[in-house]
Protein chains: 2
Amino acid sequence: MAKLYGVGVGPGDPELMTLKAVNTIKKCSVIAFPHRKTAYEIALAACPEIKHKKLVSLELPMTKSKEEIYAAHKKAAFILEEYIKNNEDTAFLTLGDPCIYSTFMYIERIVSMHGYETRIISGVPSFCAASAAFKISLADGKKQIHISAGDDDIDEVLNYNGCRIFMKAGKSLKNINDRILKAKSKAYVAVNCTMDNERLYTDIADIIKTDGDIGYFSLVIVKDEKD
Amino acid sequence: MAKLYGVGVGPGDPELMTLKAVNTIKKCSVIAFPHRKTAYEIALAACPEIKHKKLVSLELPMTKSKEEIYAAHKKAAFILEEYIKNNEDTAFLTLGDPCIYSTFMYIERIVSMHGYETRIISGVPSFCAASAAFKISLADGKKQIHISAGDDDIDEVLNYNGCRIFMKAGKSLKNINDRILKAKSKAYVAVNCTMDNERLYTDIADIIKTDGDIGYFSLVIVKDEKD
């Protein structure tokens with residue numbers, strides 16, 4: 001039976017796709033992706049032949065309405081299931097890794113509940129790419145790592161020991177900056193890491209001084225001076 | 001000038017290496033790796049041609065003596081620097097991602113301090129591979145993720161909100177089990193994830209009942225029932 005594959009395409013640089021991601025995309029006849037297309041563009045650069053496959057752009061709105069989101073996930077699941085029923089292996093492309101804050105897992109739960117087979121192909125998460133760009137270790141020895149994707153738990157997360165990572169941090173920058181100034185911490189900010197328009201800041205205040213709005217694909221790594 | 005590359009080879013399955021890891025290994029004339037060789041075996045399966053390159057097995061002892069560890073890192077750095085001085089691009093292979101609990105970063109700091117150029121090639125961390133194997137999302141929406149590699153902060157980490165990951169958890173299994181039984185949590189245990197001898201347990205008690213000792217490449221993901 002055909003399967004639905006959740007394929008992590010990594011943080012942005014097509015070379016950071018895994019061999020397994022590329023091989024899975026090659027063997028699938030249907031390639032699905034969120035309508036914002038970033039994941040598709042990355043995969044296209046690594047496997048130009050995908051443009052000759054059946055391409056399915058899925059509407060996945062960014063909204064706070066739970067009903068609207070669930071309806072979109074259900075609709076996407078039904079669209080993908082039609083291909084699987086037709087015995088077509090289908091790849092859903094997702095940025096980073098499919099198990100870390102990805103829409104794919106919501107869709108996977110529905111498709112899987114309906115009795116279809118699914119597989120997950122891991123990808124390099126954006127925080128690994130960002131730490132590589134800054135040449136910093138996220139954690140050595142017995143240190144802890146904490147990852148947050150929200151904006152209402154900044155205080156809580158900054159209080160943890162070890163390395164703290166804020167994903168999708170564009171809107172939270174000023175808040176994070178105000179709070180880390182009080183602690184003896186250092187922040188590294190990566191915007192569009194490994195993408196063509198990558199920007200790296202080792203001082204969060206530099207961004208606040210300029211535009212302040214750094215967009216969706218931004219990530220802050222906060223480390224204590226002693227770490 | 002030649003460079004030192006820290007190359008993440010991913011969690012175990014050679015197909016989970018990135019294109020960039022494979023391309024970097026191909027262009028380097030010297031391939032270094034810890035003497036335990038797991039990283040080398042993974043890379044060899046993806047690029048068999050590396051056996052014809054200069055292979056450097058580095059003694060990196062697992063000891064608690066900080067002096068012994070630092071001496072080993074310094075010795076490894078000096079060995080690698082000899083190749084770089086000789087204008088040979090050198091790859092140091094490391095399991096998972098180089099920025100997450102990897103020996104490479106200690107060596108990188110020394111080599112970099114001595115004025116040589118370094119680059120980090122990200123890899124898929126083991127916890128991404130484990131969550132893919134269990135088909136669970138590490139975090140959705142605004143949930144947090146916490147990663148620990150120690151064994152003396154189990155209580156602290158289990159008290160955090162969201163998903164908790166214990167790496168190198170072989171020795172801590174019984175302690176983790178005793179504590180999660182009290183909370184309404186569920187543990188997923190992956191041993192040698194994506195390697196030939198992979199074992200996956202969705203009930204930590206199953207392991208305690210049998211052998212109990214599950215080795216070094218083991219990882220526990222703890223999630224609350226509601227997540």
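Predicted model: local features only at pLDDT ≥ 70, side-chain atom pairs only at ≥ 80, totals over all residues.
**Within chain A**

The domain assignment divides chain A into domain 1, covering residues 3-121, and domain 2, covering residues 126-224, and the C-alpha centres of these two domains of chain A lie 27 Å apart. Where they meet, nine residues of domain 1 of chain A are in contact with 13 residues of domain 2 of chain A. The two domains of chain A bury about 820 Å² between them, with 74% of that area on carbon and sulfur atoms. Pro11(A), Ile100(A) and Tyr101(A) supply 57% of the area that domain 1 of chain A buries against domain 2 of chain A, which is more than any other three residues. By class, the side of domain 1 of chain A that touches domain 2 of chain A holds six nonpolar, two polar and one charged residues.

**Between the chains**

The contact between the chains draws 53 residues from chain A and 54 residues from chain B. The values for the two interfaces are set out here.

| Interface | Buried area and share on carbon and sulfur atoms | Salt bridges | Residue pairs in polar contact |
|---|---|---|---|
| Chain A and chain B | about 4,400 Å², 53% | eight salt bridges | 35 residue pairs |

One salt bridge joins the side chains of Asp152(A) and Lys142(B), at 3.9 Å from N to O. Several elements of chain A each supply at least two residues of the side that touches chain B, namely helix H1 (19-27), helix H4 (104-113), strand S5 (117-121), helix H5 (126-134), strand S6 (145-148) and helix H6 (154-158). Of the side of chain A that touches chain B, the largest share, five residues, comes from H5(A). The residues of this side of chain A divide into 26 nonpolar, 12 polar and 15 charged.

Strand pairing also links the two chains: S6(A) and strand S6 (residues 145-148) of chain B run antiparallel and are joined by three bridges. In this pairing, Ile147(A) stands opposite Ile145(B) in S6(B).

**Salt bridges in the whole structure**

A search of the whole structure finds 22 salt bridges over all chains. Among them is a bridge within chain B, in which the side chains of Lys54(B) and Glu88(B) meet at 2.7 Å from N to O. Because Lys54(B) lies in strand S3 (residues 54-58) of chain B, whereas Glu88(B) lies in the loop between helix H3 (66-85) and strand S4 (90-94) of chain B, the pair ties together parts that are 34 residues apart in sequence.

Methods: Residues numbered from 1 in each chain as written. Chains lettered and ligands numbered in written order. Heavy atoms only, no water. Domains from an automatic or database assignment. Contact = heavy atoms within 4.5 Å. Buried area = accessible area lost by both parts, 1.4 Å probe. Nonpolar A, V, L, I, M, F, W, Y, C, P; charged D, E, K, R; others polar. Salt bridge = Lys/Arg side-chain N within 4 Å of Asp/Glu carboxyl O. Polar contact = N/O pair within 3.5 Å; in protein donor to acceptor, adjacent residues only side chain to side chain. Helix = DSSP H or I, 4+ residues; strand = E, 2+ residues; numbered from the N terminus. Pairing = 2+ DSSP bridges.
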